[in-house]
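Colleague: I have a new model open. Can you show me how to read it, feature by feature?

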Amino acid sequence: MDWKKLLGSITESVDEELRLRNAYLVAENRMLRQRITGRVQLTDSDRKALAEIGQKLDKKALAEIATVAKPDTILAWHRTCADRQCDRSQPPQSVGRPRIGKELENLVVRIARENRSWGYDRIVGTLTNLGYRISDQTVGNILKRHSIPPAPERKTTVTWREFIRFHLDVLLATDFFTSEMWS
C-alpha cells in the first residue's frame, strides 16, 4: 500500500471539509451581518482576537471574509496591539485635560460663596496669589457644577444662612415668646 497516496487523499478530504466549513461560516456571518443595523460594538479583546487572526491571513483573503471591519482597519488594530505589547512600562493615558483636584474645586466654591460680588476673573486672581493656576472658564465650570450663579446674580440673591448671619443681632434681641398688651 502506498502511504503517500493514502496520506494525500486524507489531507485532501480534510482540507476540503475545512474549506466547506469556512465557506459555510462566511455565508452565515454575512447573513447575520445584514440583519444588524449600524455598527457592531467590539471590545478591545474582540479587536485583539480579530487582529491576531487577520494578521496571519493576507489582505486579499481578509477582504473576502471580513464583515465587521475593513481589512485595513483590522490590520491597523494589529499594529496598535503590537505597539501596546512592546510598551507595557506605562499604562495608556486618558485623553483630554486633567481634572481639577477636589481641594482646588472646594477652594473655588468657598471663595465664591464667601465673596458674592467677585466674578470669575477676581477669583482666578486670588487663586493665582495663593499659587494655583486656573482659568476663568474653569472657575465658571466649577461654579456651574455646584449650581452657583455668576457674580451679578450671586450678588442679588441671599441664602437663608447668610440672611440669618447678617441679621443675627436683631434676631437675638427679638423676643418671640412674650406679647405686649395695651390696656
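Modeller: Start with a definition. A residue counts as buried when its relative accessible area is under 20%. This is a predicted model, and buried residues make up 17% of its 183 residues.

Colleague: What spans does the C-alpha trace have along its principal axes?

Modeller: About 135 × 50 × 25 Å. Now take the radius of gyration. A compact globule of 183 residues would have one near 16 Å. The protein has 35 Å.

Colleague: How many helices and strands does the protein have?

Modeller: There are 10 helices and 0 strands. Read along the sequence, the pattern is α-α-α-α-α-α-α-α-α-α.

Colleague: How do I describe two packed helices?

Modeller: Use the angle between their axes and the distance between the axes. Take helix H5, residues 102-114, and helix H7, residues 136-145. Their axes come within 10 Å and cross at roughly 80°. Angles from 65 to 115 degrees count as roughly perpendicular, so H5 is roughly perpendicular to H7.

Colleague: Which residues make the contact of H5 with H7?

Modeller: H5 brings Glu 105, Val 108, Val 109 and Ala 112. H7 brings Val 139, Ile 142, Leu 143 and Arg 145. By class, 6 are nonpolar, none is polar and 2 are charged.

Colleague: At what angle do H6 and H7 pack?

Modeller: About 110°, with the axes 9 Å apart. H6 and H7 are therefore roughly perpendicular to each other. From H6, the contact uses Tyr 120, Asp 121, Ile 123 and Val 124. From H7, it uses Asp 136, Val 139, Gly 140 and Leu 143. This contact has 5 nonpolar, 1 polar and 2 charged residues.

Colleague: What about nonpolar cores?

Modeller: In soluble globular proteins, nonpolar side chains tend to be buried together. Here the largest nonpolar core has 15 residues. Val 108, Ile 111, Ile 123, Leu 127, Ile 134, Val 139 and Leu 143 touch the most other members.

Colleague: Which elements give two or more residues to this core?

Modeller: H5, helix H6 (120-129) and H7. H5 gives the most, with 6 residues. A second, separate core has 7 residues, including Leu 42, Ala 51, Ala 69 and Leu 75.

Colleague: Leaving aside neighbours within four places in sequence, which residues is Val 139 in contact with?

Modeller: Val 108, Tyr 120, Ile 123, Val 124 and Ile 134. Val 139 also takes part in the contact of H5 with H7 and in that of H6 with H7.

Methods: Residues numbered from 1 in each chain as written. Predicted model: local features only at pLDDT ≥ 70, side-chain atom pairs only at ≥ 80, totals over all residues. Heavy atoms only, no water. Axes fitted to C-alpha atoms, helices over the stretch in contact; angles between N-to-C directions. Helix = DSSP H or I, 4+ residues; strand = E, 2+ residues; numbered from the N terminus. Parallel < 35°, antiparallel > 145°, perpendicular 65-115°, else oblique. Contact = heavy atoms within 4.5 Å. Nonpolar A, V, L, I, M, F, W, Y, C, P; charged D, E, K, R; others polar. Core = buried A, V, L, I, M, F, W, Y, C linked by side-chain atoms within 4.5 Å. Buried < 20%, exposed > 50% of the residue type's maximum accessible area, 1.4 Å probe, protein only. Rg over C-alpha atoms; globule rule 2.2 N^0.38 Å.
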